[in-house]
Structures are given as C-alpha cells and as structure tokens.
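Here is a friendly walk through one protein model, from its domains to its ligand site. Please keep the structure open as you read.

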Amino acid sequence: MKVGILTGGGDCPGLNAVIRAIVRRTISKYGGEVIGFRYGWAGVLKNDHRPLGLDEVSGILPRGGTILGTSRTNVYKEKNGVDRVKETLSELNLNGIVAVGGEDTLGVALHLWQDGFPLVGVPKTIDNDINGTDFTFGFDTAVHIATEAIDRLHTTAESHNRVVVVEVMGRGAGWIAVKSGIAGGADLILIPEVPFTIDEVCEVIQKRHARGKNFSIVVVSEGAEYPTNDDDEAELVVQSKVTDAFGHVRLGGIGNRIAKVIEERTGYETRVTVLGYTQRGGTPTAFDRVLGTRFGVLAADLIHAGQFGKMTSLQGDKVIPVEMAHAMECIKRVDSELYEVARTFFG
Ligand code: F6P
C-alpha cells in the first residue's frame, strides 16, 4: 500500500500528529509506504513530494505547524488542474491520498473523489467550523491560547480601569470567541451568529460599571458583523478585500471599530488586543495531539480498506468515518444554547 498525505489551508496545531500517525500506522500495520506532498494541493499539482518514513516523523508530535508546509491552492482554479492530479497519482502509483484540511481543502478533496480519485479527508482548523465532527483538532489549542490571553488582559484591565476588547479568529463561526470567552469570564462576547447593536454593547458595559466594576473584557470574533446603522444593517470588517483562491477576504479590524465606539459613547478608556496568528502557532494541547493521532490512524485504515470519499470525525468519544459530502454541506456554527450560557455572564 502506498499513501500520499497533504496538509492544506491555514496551519494549526496537531497537523504533525496526524502525519506521524498515518506514517506509523501504514508502516507498522500494513507494511506500506508513505509520501508527503509539499504545500497542500500545490504539491500534488507539481508532483512535489518527499518520502515519509519512521525517521522523518520522529519527534514531530509536539511541534506546531506542518512539516509538509501548506497553501491555499484550489485545483479547480488551476490550468489543467484535474489532469495534473491524475498524472501525479499514476506516476507515483498511489493507493490513495489523505487530504488534511478545512472546508476549502476538503471541498477540493470531495470534488476530486466525485471525479473518481481515491481520497480520504481529515478535518483540521482552529475555527472548529466543519460539519459532521464534534471537534476539529487545533481548536482546543486555540481556545487555550485565547483563554490565557483573556486571563492576562483581566489583570491589566482591572489595574487601569479600562475596557479591553480582544479580537479572536474563527472566520464565519464564533466558536473560539464563545468558548474562550466563557472560560476566561468575558463580560461580553460578540460572534457572527448573533447580530448586535452598539446600544446593546454599551448598555452591557455601563450596567457593569453601575454595579461597581470599573473594567470590562469584551471578546469579539473577527467574523462578527459591525452594525452600520439603526436599520439592522451590518458589515464584515476586512483587512483586505482581495480574495484567495476560494473567494475568502482577509478578516480583521472589528476589534478596533468596537473599541472606538465604546470609548466615544461611554467615555471609558478602551484598548484593543488582536490575538491573530498566536492562536494558530506553537505546540498542540494533549487533546489536539490525541485527536490528530486518532484521526491519522483511522485515515490510514480507510485508505487500506478502500473506503474513499470519507472524512474522519469525532462523535462523542468515538472516532468514526462520515461521508465527506455530508461534512461539506454547510459550515458548523455556534448553537444558541451555548451562546445562552455565555449570555448569563454578560454585564
Ligand atoms: O481558518 C483559519 C484561520 O486562521 C481563520 O480563523 C482566519 O480568518 C484565517 O485562517 C486567516 O487566514 P490566513 O492565514 O490566510 O491569513
């Protein structure tokens, strides 16, 4: 058995755990061989790969990022993309490819599988927005990093009687914001799934001050929409309108907008911290290492069993395969029940 692996999209902690697990399982259980494509789908298009044996994956479990590199490459936007994938697969004589990625990388994997290629998906992203799995690896680490930052910001906000707005990642889903906000005891959490008005934001902070608390922590997800007027209109705040190969703009900046309006309307001194890429970097938590490892082992088994078109998933405590098509139907967003728990602590 010969397996190819690629990691695509934004990197996240736990990718190396998956790579290691696929290599170890393929070699020890199936006596097979593994190669890794460099920089996601770009490596498949160019047939740019490296062998992955026991030595290559030794010591990588605690390392952040991906030893294979990553990119946001869309095979279907590249000239002769599908033909080039076909050439690479037959040149290398692969039984199958494991694509480790988020909605974009796995979206390409799904299309390629529908076009007849032997593909298995493994869901990764700090955003935790993949349908069909309770969690993606990388998310737990991001939540830990954001929670620790909120803890630290509490002490400085309190010392200065300030409002601190913390902007976190997550794209169109508020999972990082709501989980780190609950864990860090945020006084207000703003997420893409729940529209808000500036009046509501200021009221929460003023109510808090009225009960003698002279500082507040506001966690805002980068994809939360900024209300532009009183007619319920809202807009995404972007760093750049230029889109990537999958049509995504670069989000960022809502933290500054919220902070400015809070200071203007309430008169409370307000500061902003944008956590940015710190949420994606560094060593994975034990949870993400274990989840990545379990996903990797299952992915190798699926390739061996010829079970293509599947994605590994976590359902409760079980790691099981689901249809990739089901997982790609929609983005998984924060449910209202969880947000209701968070709301209990606002103000
Ligand atoms: O999808 C992961 C993510 O970190 C998002 O939370 C964020 O919006 C995006 O990637 C940033 O992408 P890039 O690495 O291209 O700046």
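## Two domains

The chain splits into domain 1 (2-138 + 284-327) and domain 2 (140-281), with bounds that come from an automatic or database domain assignment. Taken over C-alpha atoms, the centres of the two domains are 33 Å apart. Their contact (heavy atoms within 4.5 Å) draws on 21 residues from domain 1 and 18 residues from domain 2.

A word on the basis of these values: this is a predicted model, in which local features need pLDDT of at least 70 and side-chain atom pairs count only at pLDDT 80 or more, while totals for chains, interfaces and linings use all residues. Residues are numbered from 1 along each chain as its sequence is written, and side-chain values use heavy atoms, with hydrogens and water left out.

## The interface

How much area do domain 1 and domain 2 bury between them? The figure is about 1,700 Å², with 53% of it on carbon and sulfur atoms; buried area here is the accessible area (1.4 Å probe) that two parts lose on being put together, summed over both. On the domain 1 side, Arg-72, Ile-126 and Asp-127 supply 34% of the area buried against domain 2, more than any other three residues.

Across this interface there are 10 residue pairs in polar contact, both residues at pLDDT 80 or more. A polar contact is a pair of N or O atoms within 3.5 Å; within protein, one must be able to donate a hydrogen and the other to accept it, and residues adjacent in sequence count only if both atoms are side-chain atoms. Helix 5 (103-114) and helix 10 (286-305) are the elements that give two or more residues to the side of domain 1 that touches domain 2. Helix 5 gives the most, with three residues. Helices are DSSP runs (H or I, at least four residues), numbered from the N terminus.

## Around the ligand

- 2.5 Å to an N or O atom in the side chain of Glu-222
- 2.9 Å to an N or O atom in the side chain of Arg-280
- 3.1 Å to a backbone N or O atom of Gly-170

## Salt bridges

The structure holds 13 salt bridges, each a side-chain nitrogen of Lys or Arg within 4 Å of a carboxyl oxygen of Asp or Glu. Across the interface of domain 1 and domain 2, one salt bridge is found.

Another salt bridge joins the side chains of Glu-264 and Lys-260 (3.2 Å, N to O). These two are separated by about one helical turn because they are four residues apart in helix 9 (residues 254-266).
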